[in-house]
Amino acid sequence: KLHSDLDKGVGTVKYTLSGDGAGTVFTIDETTGDIHAIRSLDREEKPFYTLRAQAVDVDTKKPLEPESEFIIKVQDINDNEPKFLDGPYVASVPEMSPVGAYVLQVKATDADDPTYGNSARVVYSILQGQPYFSIDPKTGVIRTALPNMDREVKEQYQVLIQAKDMGGQLGGLAGTTTVNITLTDVNDNPPRFPKSIFHLKVPESSQVGSAIGRIRAVDPDFGKNAEIEYNIVPGDGGNLFDITTDEYTQEGVIKLKKPLDFETKKAYTFKVEASNLHLDHRFHSVGPFKDTATVKINVLDMDEPPVFSKPMYTMEVYEDTPVGTIIGAVTAQDLDAGSSSVRYFIDWKNDVDSYFTIDATEGTIATNELLDRESTAQYNFSIIASKVSNPLLTSKVNVIINVLDVNEFPPEISVPYETSVCENAKPGQVIQTITAADKDLSPAGQRFSFKLSSEASNKPNFTVHDYRNNTAGIETRRNGYSRRQQELYFLPIVIEDSSYPVQSSTNTLTIRVCRCDSDGTIQSCNVEAIFLPVGLSTGALIAILLCIVILLVIVVLYVALRRQKKKDTLMTSKEDIRDNVIHYDDEGGGEEDTQAFDIGALRNPKVIEENKIRRDIKPDTLRFPRHRPPAEDNTDIRDFINQRLQENDVDPSAPPYDSLATYAYEGNGSVAESLSSIDSLTTEADQDYDYLSDWGPRFKILADMFGEEESYNPDKVT
């Protein structure tokens with residue numbers, strides 16, 4: 001309630017209200033000044049309001065007093081229950097934990113005013129989950145309440161927690177939450193076999209390394225605490241089998257280490273131990289964390305292939321052994337209860353196998369061809385043995401045959417086959433050490449001997465000194481050698497081996513005489529150097545040779561020029577006048593026409609030979625005129641022209657216009673007069689040339705020339 005001292009109660013004062021919630025939450029009676037709340041207040045929403053009030057004159061609207069400020073505080077009541085903002089909760093605790101082991105701490109929040117009364121005072125309690133767990137009423141810490149809780153008995157627990165305000169008194173508000181607690185596993189249980197004996201049946205044909213059976217020990221623990229390791233206890237059969245752990249199923253996988261044989265042993269018995277890999281020292285007192293079981297394996301009899309007596313056979317045979325000679329045998333047996341006969345054959349894979357044959361019943365191997373150690377020193381092939389009762393059951397063995405050497409090749413001198421000796425060599429000087437090579441396979445300790453042939457022993461030039469270690473030295477026997485007298489020496493050397501039968505060969509060593517300095521270093525072995533004067537250097541020799549070559553070139557050029565000049569003189573002589581026919585593409589004007597062509601071509605027969613191609617065109621194919629004997633009458637001329645006409649008609653390279661051949665020294669003013677044979681025997685009156693007009697435009701000029709009697713010129717011939 002607001003009241004001004006100036007208010008006399010006569011209605012002259014008006015009260016106004018402004019600030020937080022004025023008009024919405026709070027209102028004021030303008031006459032009395034009473035303040036009322038027009039809706040419910042929530043302290044948790046807004047704990048206080050700041051308002052301003054003023055008294056105003058009703059008539060003048062002027063403030064009677066300064067504006068005053070006041071605060072309205074909302075008083076709290078217990079209208080909010082505690083809430084678990086983080087719920088529901090999930091927690092875990094190891095199994096077998098002692099009483100009071102910490103599990104989790106929960107916390108409830110009450111929105112009421114903690115400073116006013118007990119509205120925000122919270123107390124925790126367990127509504128569900130006893131007697132396994134307990135909770136501290138004030139802190140909300142959850143702990144185990146029973147010892148030795150076993151995960152294998154019960155793993156999951158659901159605990160219902162309550163938080164109540166007003167200190168837990170009657171009338172307080174309460175909130176709840178759920179806590180899901182899981183017992184985590186510890187290795188508190190050893191592995192146990194469900195039975196003490198495991199029986200397995202294994203075929204004797206099982207492959208080494210294959211799995212032949214599985215056994216399993218049960219461990220109720222979980223995860224790594226349930227990992228099991230299996231081991232075979234040393235004893236009967238332990239060396240034939242092995243056991244490993246399947247990491248997914250934790251089973252023991254028994255594998256075969258060695259092959260089984262029913263005929264040798266039909267059953268095996270051994271013990272297998274299962275133990276945990278990860279032990280917990282807190283539970284050692286419970287007992288050993290391992291278990292043992294017995295495994296009995298019965299071997300099943302199977303129809304097996306034959307078995308060879310050896311894993312591999314090695315044989316030897318001399319080369320050139322006669323075909324059909326037995327060199328060895330292989331043996332295989334059927335070890336099954338009902339023994340069957342065995343048949344043998346070669347595993348044909350390539351042509352090498354054709355060198356040998358095998359007896360199908362006895363297994364003896366014989367040669368099928370002549371063997372040559374120098375061609376092939378070793379043969380490697382396979383023999384297959386099969387059972388007669390079941391041919392599909394086969395076994396294979398490898399056979400190696402070494403071809404032994406027979407001494408059939410003589411030893412030969414190793415390179416070099418040529419050596420040199422200085423002109424100033426002294427007697428007894430070793431100029432070359434030689435060795436020998438033998439194509440035969442040399443046995444251990446074989447020796448080669450060296451000596452001169454009988455015909456060379458009488459010549460005192462060189463000798464052979466055998467060092468008795470498969471080498472020999474070539475020694476000089478003269479005091480100096482002369483290249484001028486003899487440049488090459490051929491020394492025949494006889495080499496023998498020590499095998500049986502003894503083989504020998506004669507080898508020729510070429511010895512070249514060379515010029516050397518005082519230290520024995522070779523300076524020259526060339527043949528040309530023999531004829532050079534003493535002291536003439538190589539440079540001087542080259543200069544002399546160059547001078548000789550230059551002189552020879554000058555002489556050859558001089559002779560060639562003289563001959564050429566002489567030929568040109570002969571060709572220009574007037575006595576060398578001859579008929580030379582040249583093809584030309586239009587009429588010539590005789591020898592006075594010097595503009596149409598080069599008259600020099602008619603004077604030089606060589607030019608004619610080199611320039612037979614027409615001047616006006618360059619045809620693709622050259623056609624040369626046939627030289628016929630001079631015509632005896634006009635009939636022969638006609639035949640000649642007809643023949644040439646036919647040849648030009650079918651010639652694709654002929655020009656499409658008349659071509660007039662001009663003979664030399666014809667025309668007006670020719671000193672040789674006419675060479676034509678047209679009027680040699682007859683006159684123009686005896687010949688009718690009208691048929692030339694029928695030959696077409698190509699012969700028009702020729703027809704005009706012979707068609708007019710008054711214009712006929714006996715000196716012009718076509």
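Is Cys 516 buried or exposed? Cys 516 is buried, with a relative accessible area of 12%; buried means under 20%, exposed over 50% and partly exposed in between (1.4 Å probe, protein chains only). The model is predicted, so local features need pLDDT of at least 70 and side-chain atom pairs pLDDT 80 or more, while totals for chains, interfaces and linings use all residues. Residues are numbered from 1 along each chain as its sequence is written, and side-chain values use heavy atoms, without hydrogens and water.

The protein chain holds five helices and 37 strands. These are DSSP runs numbered from the N terminus (helices H or I, at least four residues; strands E, at least two). Of the 718 residues, 35% are buried. Contacts require heavy atoms within 4.5 Å. Among those between residues at least 6 apart in sequence, 66% join residues at least 24 apart.

Two disulfides are found, each a pair of cysteine sulfur atoms within 2.5 Å. In one, the sulfur atoms of Cys 422 and Cys 516 lie 2.1 Å apart. The S-S torsion of this pair is about -85°, so the disulfide is left-handed. Cys 422 belongs to strand 30 (residues 418-422) and Cys 516 to strand 36 (residues 504-516), so the bond ties together parts 94 residues apart in sequence. Cys 422 is buried at 10% relative accessibility.

Cys 514 and Cys 525 are also joined, S to S 1.6 Å. Here the torsion is about 110°, so the disulfide is right-handed. Cys 514 is buried at 0%, whereas Cys 525 is partly exposed at 22%. In sequence order, the bonded cysteines pair 1-3, 2-4.
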